[in-house]
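Hello,

Please find the structure below, with the sequence. My notes on it follow.

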Amino acid sequence: MKLVIERRDISSTLLRLTAPVVSIAVALLFAGVLILAAGINPFDAYREILYEAVGSTYGLSETLVKATPLIFAGLGVSLAFRMQIWNIGAEGQIYMGAMGATWVALFSGLENHWLLMIAMFCAAFVCGGLWAGVAGLLRARWSVNEVIVTLMMNYIAILLVNYLIYGPWRDPQGFNFPLTAQFADAARFANFFDTRLHSGFFLALFCALLLYLFMERTIWGYQIKVIGSNPQAARYAGMRTGVAIFAVLFLSGAIAGVAGLSEVAGLQYRLQHGISSGYGYTAIIIAWLARRSALGVIIVSLLMGILLVGGDSLQMLWQLPIAFVYAFQGLILFFLLGSDFFIQYRVKLIKGVQGG
Amino acid sequence: MVEILLDATVRAGTPILFATLGAILNERAGIINLGIEGLMLIGALAGFAGTFYSGSPLIGILAAFAVTFAAGSIHALITVQLRGNQIVSGLAMTMFGIGVTALFGRGMVGQTISGLERLPIPGLSQLPIIGRAFFQQDLLIYTSFVLVFLLWFFLYRTRIGLALRTVGENPAAADTCGISVSLYRFLAVTTGAGLVGIGGAYLSLAMTPMWIENMSAGRGWIAVALVIFSGWSSGKAMFGAYLFGGITAMQLRFQAIGTDISTHILQMLPYVFTILVLVVSTIRLQKGSSQQPQGLGLPYDREDRK
């Protein structure tokens, strides 16, 4: 008897489609063991998550609210993935987008709703884009590792926002709390169905559609895919990879920046601590699970939305730290990576010794 | 004043030093590990819990090594045996580490332990300026001095070290020579992870003897950048780690004496500096001052051999 590993000629489509589902299921199982080890009944925990996140209209709306920034950030990260660029800095780009939008809302002097909306959108877009653009420039010019740069920029962005809300932007009427003044009504998104669901969600869906069209129907999208799959061929074909790297990271960060706009204009109405509670990191796993498809990003973001809403209530019920969601996401990634092996290779048991 | 600053530099640099040495061991075998941040947290919690339950920091350090060794085997299994994407697996490890330590660290928040004690070396510890910083330290700092030398000796003066470097440079050649690529890579990843874990334990046993959620605060990522800065050599890693230790020490000093500069701006310094260091060392790398292992980041499949 002998175990033989051989490469599949064609990777199995069936396995490719089922792998994410199986990975999530196995990750749920292992996360259950961890929850159990922490002294909580995992079945109660999972039931609670489902009940809170999809068991009522309000729960559903909260899930959509949580999914909103995830869709933006997930789209941004997945765009960079297309070109084999790792944007680990969506978290910081969200903060910067929120900062730009807040500046317009509080200090631009604009009063017209639509003018404000457009200006806030542009500010968030540019701030998020430039924040990622730093990594893009360094990568394009000197091949500096973008993983580390985008990640370091996260810490810097959060500290910069902290500096603003503890210092120059602090609300004078805010009883010394570290937050800015509230936005005027003209600087807020509309809400729907008497819930916290806001226009940001629909903007995110629209953004996904635009990105899909951009990737599949334009020459730029085509170039990004070529550079991603074969940079050498792209260079021979005369594509300017350096410019493309900067442009893609800029756009990637800009889309993540809009998530920041959506959070401050749709939900919080001010700049404060924890504008993003790790959405930028969750976006990485969303982009990977979605296998770079825009529709996939929406679906996975909704799933992660369920997890976050449920996670919040677990925190309130059993003081289960919300960071636990990361452990679950890490597990999903581990199993997904593991399953890739079985998509590409076949493991056979051969009797006798003649094989191999 | 200089003595105190130098002492704070060494203490702040040590966790980063351990992590960088561990990461160098990983990358020398050809495996990128972006899970350093998560592994440091796991080491910090395991070290703290081990010390808390046993009363001995020594047990805590061993626990940190053992637990991160085990956690590192997940990364090793995925990247070596299953030939998975090293970048994503590392990121997953970081997320996993942040998450599980938050979960299992709940009971440790607010607990106290007696951390590592200083063990002055007779005679040397009385030296002016450097005496306090280098010879009045704790066990782990002395260990780190030895480890810097040991890692160099192992990589460049032993047969196994040569084999390990070959695995990282040219796994196909190593395979042809009868060296087990997967075994070397697996052990390099797990042992490296163990060293990272000791770096984490230094945070919770010596720097601030308590457990705080997410207490590594980006040090793991700084270590990842330092690997490139060091040109994959342990001596330069020591220099780089103390450079960062120095910046942290100065930043704390500034905060203590009070300046007009916001603490939030001061806290940005290590991160801004990491980017600068990374840019400079990448440019130097391209000029050929040192070379990254040729097989870095690439899974090895015997069928691909040319």
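I started with helix α7 of chain A, residues 199-217, because its length can be checked against its residue count: at 1.5 Å a residue its 19 residues should span 27 Å, and the end C-alpha atoms are 26 Å apart, which agrees. Please keep in mind that this is a predicted model.

The buried residues of α7(A) are A:Gly200, A:Phe201, A:Leu203, A:Ala204, A:Cys207, A:Ala208 and A:Leu211. Viewed down the helix axis, these buried residues fall within an arc of 155°, so they line one face of α7(A). Exposed on the other side of α7(A) are A:Phe206, A:Leu209, A:Leu213, A:Glu216 and A:Arg217. What do the buried residues of α7(A) pack against? Their partners are α3 (57-82), α10 (241-268) and α12 (294-318) of chain A.

A:Cys207 sits in α7 of chain A and counts as buried because it has 21 C-beta neighbours inside 10 Å, where the cut-off is 20 or more. Leaving out residues up to four places away in sequence, A:Cys207 touches A:Phe72, A:Leu75, A:Ile255 and A:Val258. A:Phe72 is 135 residues from A:Cys207 along the chain, yet their C-alpha atoms are separated by 7.6 Å.

Next, a helix pair in chain A. The axes of α4 (residues 90-107) and α5 (residues 113-142) of chain A come within 7 Å and cross at roughly 145°. The crossing of α4(A) with α5(A) is right-handed. On the α4(A) side the residues that meet α5(A) include A:Gly92, A:Met96, A:Gly97, A:Gly100 and A:Trp103; on the α5(A) side, A:Leu116, A:Ala123, A:Cys127, A:Gly128 and A:Trp131 are among them. By class, this contact has 15 nonpolar, five polar and no charged residues.

Last, the contact between the chains. Chain A and chain B each give 42 residues to it. On the side of chain B that touches chain A, the elements that give two or more residues are α3 (57-81), α4 (86-104), α10 (219-229) and α12 (263-286) of chain B. Which of them gives the most? That is α4(B), with 14 residues. Sorted by class, the side of chain B that touches chain A has 28 nonpolar, ten polar and four charged residues.

Regards

Methods: Residues are numbered from 1 along each chain as its sequence is written. Chains are lettered from A and ligands numbered from 1 in the order in which they are written. This is a predicted model: local features need pLDDT of at least 70, side-chain atom pairs count only at pLDDT 80 or more; totals for chains, interfaces and linings use all residues. Axes are lines fitted to C-alpha atoms, for helices over the stretch in contact, and angles run from 0 to 180 degrees between N-to-C directions. Helices (H or I, at least four residues) and strands (E, at least two) are DSSP runs, numbered from the N terminus. A crossing is left-handed if the near helix is turned anticlockwise from the far one by less than a right angle, and right-handed if clockwise. Two residues are in contact if their C-beta atoms, placed from the backbone, lie within 7 Å. Ala, Val, Leu, Ile, Met, Phe, Trp, Tyr, Cys and Pro count as nonpolar, Asp, Glu, Lys and Arg as charged, and the others, Gly among them, as polar. The expected span of a helix is 1.5 Å times one less than its number of residues. A residue is buried if 20 or more other C-beta atoms lie within 10 Å of its own, exposed if 12 or fewer, and partly exposed in between; C-beta atoms are placed from the backbone. The arc is that of the directions from the helix axis to the C-beta atoms.
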